[in-house]
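Trainee: Could we go through the aromatic side chains together?
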Amino acid sequence: MSQEEVEILKRALKREKAARKAAEKILEDKSRVLYETSQKLKESNAQLEQHLIEKSSQLQGVFENIVDAYVVIDLEGNVIKFNDAATKLFGYNIDDEPVNVVNLIYREDYEYAMSSFANLKTKGFFKNYEARVYTKSKQVKWVHINASVIFDGFKKPIGAQGIVRDVTEEKLLKKQLEDQKNQLSIIINNSPIGISLSKSDKKGLLLVNNSLCNMLGYTPDEFNKLQVQDLTHPEDEEISKANREKLFNGEIDNFNLEKRYIKKNGSILWAKTNVIAVRNDYGEIDYQVATIEDVSKEREAKEKLIESENRLSTLILNLDSGIVLEDENRKIVLANKKFCDLFNINHEPSALVGMDCKTASEQNMILFKDPEAFIQRMHFIDKEKKLVIGDELEMLDGKILERNYMPISTGDKSQGFLWTFTDVTLKRTYRKSLEAQKQKYYSIIANMNLGLVEVNNQDEILMVNQSFEEISGYKEEELKGRKGGEVFPIEGGSNTIKEENKKRQKGQSNSYELKVKNKAGEIRYWLISGAPNYNLEGEVVGSIGIHLDITELKSLELQKERLLKKLERSNDELQEYAHIVSHDLKSPLRSIHALVSWLKEDNKGKLDDISLQNFAHIETTLEKMEQLITDVLNYSSVGADTSEKLDVDLNSLVNELVSILYIPEHIEIKSLNILPVVKGDKTKLQQLFQNLISNAVKFIDKEEGCIVIDVEELKTHYKFSIQDNGIGIDKKFHDKIFKIFHSLNKSKDSTGIGLSIVKKIIDLHEGEIWLDSEPNVGTTFYFTLKKQ
C-alpha cells in the first residue's frame, strides 16, 4: 500500500472514530427513547441471523466436506459461519468470539477490499479476488475468494457467502520462480559470453543476451527474425551446416566450432561457438542453446604471431650479418645468404641444413689468415659453451669479421647454438677516421667562445676549455680535481650546484643562472646549460656544462627592474594625482551649480525665458563636465590592475545589474544561455556589462525593444555577444567608437569614454571586442574573455 493510501485509510479511521463518539453522545442523550428501538433491532437481527443460519443450513450438505474455507457474513461484515477449513485457516472459533471481516483484512489491501465489497453489493458477486488477510495470530496469508450475496425469500440481500482458498504457498512458489527467473536473466544478460536459445521447429532466436546483441549489433527483435545461417560467414556455412545435421540426426549432442559471423554493420567477428541440443522425453530436439565467445582479438594475435614469425624468419635470412643456427649435435638448422657470401659458399643456404658444423669449420679454415688459431678458438668455444661477444677474425682477402656465439637452452637442456658473423672491415677503417675527427672537434671545443666544463658525479672537474679559463681566470691544471661548487659560487650557489647535479644523475638537462666570484675576486653572472654525461653502457657518469658570461646582460636587467619600479611609483603618483585633480575640478563645478540654483531661486519670477534657457544650458554643461571628469577618472583607473583575479559568476552578475539598472517597460532583456564563471576583477567586469547594456538601452528607438545576451565557449576564451534592435551604427564609425572622447551621440549623458573603458577592461582580461551593426536595424557587440 502506498503512503497516500495509508493516509487516506488513517483519515477514514479518524472520521469513523469521531462519528462513533458523536453517536455515543447522541445515544447517551436519547438512551431512553432508543431503548425500545434497540430491543426491536435485536429481535430483527436475531430473526435475520436465524434466517441466515437457515439459508446456510440448506447448503450445509454441499459445503460441509469441501477442502477450501467457507464463510458466511451479514451485511455489517460480521462472520456468522465458518466451516472447519475456515476455522483452521483464520484460527478463530466464532462460537467463542465474534469476528468481523474488517479485522481480517491486511492493512495495505484495505482500500482494495472495500472497493471489492462495494462491487459485491452492486453486482451481487465477485470472482477471483486475491488479497492478503490476517489470521488470529497476525500471520499474513494470501487468499483467493469467490463470493456472492445471500437473499431472503423477498429477494432482499441479507448477507454474503464466499469460498476462500489459501494460495500462500502458490504465491511463494510463484515468487521463487520469478526470482530464479530474474536471477537467471541477470546472469545471462551480464555474461561476457554471447548466449542464444532457438527452437528447432521455429525460425528465429527465441532468446539472446546483451553480450550477443553487442557482439553482432542486432536488437533482440531483429534476432527473432534471423537464423544462424543468416549470421554465418559464407565460407564457414558448409562446416557449420554439417555439424548441425549431425546434431539433428542424433550423431552428436553438442559441437564446438571456431567460425566467422557477419555483424549488422558488415564487419567480421571470429567466435568460438558451442551448441548443445536440449531434448525432450522422446529424444527429440526441442531447443538449441548456443554460447558464442568473441575470439577476434585472440585470432588477430595468432595471425600477428604467425606474421611476426614470418617476418623474423625473413629478417634472419636477409640480415647483414651471417647467421648459422646449430642443433645440440652441431648440425646446421638454419643459415642465411649473408653467411654464404662471407665465406664464398656457392650454394643456397637451404643446402647447408643438416651439415656438420665441425667438419664445415675445418674445411673453411683455409680462408683465414691464421687457420690454426681459428680452429683452436672454435674448439675452445664449443667446449666451454659460454656466451662469446666480439671475437675478431682476419681473413686472407683482408676482410675482418666479428664473431658472436650464443648457446640456446631451455632450463638445463641444450637446444642448440647460434653463430653470427659480421663484416666489420669498414668499422675498423672508420675507427681511425673517428679518432682523427675526435681530435679535430676537441680542438674546436677547446677554442670556442663558450666555457665548457666536464665534471664527474661528485662535482669534481675533469676538463675545461680555453674559453672557460678566460671567463674564470683559472688555468685547467688549477681546477682539475677540485669541486666546482666550492671554487666559484657565492650566496648559496653551492646548494644550487648540488641540486643541479642531482638532476643530471636523473638524466635531466636544463639551464640556470649562477652568481660567482672569479679568480680576480670580481662578481660575475653565468648562464649555465647543463646536460648529463653518459658512458657506453648508458650510465650517468657526470655532467657537461656550457657557460656564458651574462654579467653585462644582468646589469641591464637590474637596471630595467629599477626603471620598472620607478615607473610603477610614477603610475601610482599619477593615479593619486588624477583622483586629486578630479576632486579639485568637481568642487568648483558643484559650487557653480549651487550658485546657479541660488540665482534662479532668488530671482524666481523675475527672469525671462531666455535667461532661464541660458541657466538651463549652464546646468546641462556643468552636468556634462562632471560626467566627463568622472569618466576620465574611471578610464585612468581601469589600467590599474592591482586587484586579485577571482572566480566571477557572470550569470549572477548580469542578473543583479538588470535588477538595479533603469530598464524601460518596452525593453526586454534575455539571455539565450547560462553565462559562465570566469577569472577576473568583479568590479571591472560589472562595469563592462553595465556600459554595454546601458548603451543598448539608451539607443533603442523601437516601440518594442529587445536586448539579447549570449555566450559561446571557445578553446581558450569565452565569446560573448550583446545584441539590440536600436538605431545601429554606420560601418564607417566602427573603428572610432572605442577611442576616448569619441561619441556619436552628443547628449549630456554621452562623453565618448564609455566604450573606451569597455575596451580597456577587455584588454586587461586578454580579450578582444568588435561589433556588427546595421543602421535602423540594430547592433551586436562581440567580445572575448580568457577562461583562466
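Mentor: Let us begin with F720, which counts as buried at 1% relative accessibility (buried is under 20% relative accessible area, exposed over 50% and partly exposed in between, with a 1.4 Å probe and protein chains only).

Trainee: How is F720 arranged with F783?
Mentor: F720 and F783 form a stacked aromatic pair, with 5.2 Å centre to centre and 15 degrees between the planes (Phe, Tyr and Trp rings, the latter by its six-membered ring, pair within 6.5 Å between centres; under 30 degrees is stacked, over 60 edge-to-face, the rest tilted). This pair links distant parts of the chain, since F720 belongs to strand 25 (residues 717-724) and F783 to strand 27 (residues 778-786), 63 residues apart (strands are DSSP E runs of at least two residues, numbered from the N terminus).

Trainee: And F783, buried or exposed?
Mentor: F783 is buried, its relative accessible area being 0%.

Trainee: What sort of model is this?
Mentor: It is a predicted model, where local features need pLDDT of at least 70 and side-chain atom pairs 80 or more, while totals for chains, interfaces and linings use all residues. Residues are numbered from 1 along each chain as its sequence is written, and side-chain values use heavy atoms, without hydrogens or water.

Trainee: How many aromatic pairs are there?
Mentor: The count comes to 18. One of them is the tilted pair of Y718 and F720, at 6.4 Å centre to centre with 55 degrees between the planes, and Y718 is buried at 14% relative accessible area.

Trainee: Which residues form a cluster?
Mentor: One aromatic cluster is formed by F339, F343, F368, F374, Y405, F417, W419 and F421.

Trainee: New topic: where does R299 lie?
Mentor: R299 lies over the face of W270, 3.7 Å from the ring centre (NZ of Lys or CZ of Arg within 6 Å of the centre and within 35 degrees of the ring normal), and K138 lies over the face of Y134 at 4.9 Å from the ring centre.

Methods:
Helix = DSSP H or I, 4+ residues; strand = E, 2+ residues; numbered from the N terminus.
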